[in-house]
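Subject: Structure for your review

Dear colleague,

Please find below the structure that I am handing over to you. My findings follow it, and I would be grateful if you read them with the model open beside you.

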Amino acid sequence: MRQRGLKFHQWTERRLSAFRYSEILPGGTQLDIRIHVSEPVTLIFVGIYTSDGSMVSEETYATLHVAHDEALRWAIVQAHWMAGA
């Protein structure tokens with residue numbers, strides 16, 4: 001089970017529909033990405049966790065007028081960069 005940090009808990013309090021993406025990298029590092037769209041704002045959460053679920057990093061971003069698929073592509077690249085992959 002992932003050990004979530006304060007940014008995750010603050011971010012998940014929003015009552016918006018979310019798009020989710022998870023990936024496990026070679027070596028076990030876990031990526032957790034969530035996108036909330038509430039026009040005109042797109043909210044992005046990127047979480048990086050160790051193989052045992054310990055938090056490495058959690059970041060949140062907000063952008064204007066970006067579709068969820070574009071935000072997701074950006075967030076995947078960002079998560080790989082954050083994880084050093």
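Does Ala 83 count as buried, partly exposed or exposed, and why? Please keep this question in mind while I describe the surroundings of the residue. Note also that the model is a predicted one.

The sheet

The strands form an open sheet of four, in the order β1-β2-β3-β4, and their pairing is antiparallel. At the edges stand β1 (18-24) and β4 (55-64), each of which pairs on one side only. From one strand to the next, the twist averages 10°.

Strand β2 covers residues 30-38 and strand β3 covers residues 41-49; nine bridges join the two in the antiparallel sense. Within this pair, Leu 31 has Ile 48 of β3 opposite. Nine bridges also join β3 and β4, again in the antiparallel sense. Here Ile 44 has Tyr 61 in β4 as its bridge partner. The two strands β3 and β4 make a hairpin, with five residues between them. In the turn, Gly 53 has a positive phi of about 95°.

The helix and the core

Helix α2, residues 68-83, lies across β1, β2, β3 and β4 and runs at about 150° to β2.

The largest nonpolar core has 13 residues. Those with the most contacts inside this core are Ile 33, Ile 35, Ile 44, Val 46, Ala 75 and Ala 79. Two or more residues come from each of β2, β3 and α2, and α2 gives the most, with five residues.

Leaving aside residues up to four places away in sequence, Ile 33 touches Phe 19, Arg 20, Tyr 21, Phe 45, Leu 72, Ala 75, Ile 76 and Ala 79.

Back to the question

Ala 83 belongs to helix α2. When residues up to four places away in sequence are not counted, Ala 83 touches Leu 25, Thr 29, Leu 31 and Ile 48. Among these are Leu 31 and Ile 48, the two residues that stand opposite each other in the sheet. Ala 83 and Ser 57 are 26 residues apart in sequence, and their C-alpha atoms are 8.6 Å apart in space.

The answer is that Ala 83 counts as partly exposed, because its relative accessibility is 26%. Buried would require a value under 20%, and exposed a value over 50%.

Yours sincerely,
A colleague

Terms used. Residues numbered from 1 in each chain as written. Predicted model: local features only at pLDDT ≥ 70, side-chain atom pairs only at ≥ 80, totals over all residues. Heavy atoms only, no water. Pairing = 2+ DSSP bridges. Axes fitted to C-alpha atoms, helices over the stretch in contact; angles between N-to-C directions. Contact = heavy atoms within 4.5 Å. Core = buried A, V, L, I, M, F, W, Y, C linked by side-chain atoms within 4.5 Å. Buried < 20%, exposed > 50% of the residue type's maximum accessible area, 1.4 Å probe, protein only.
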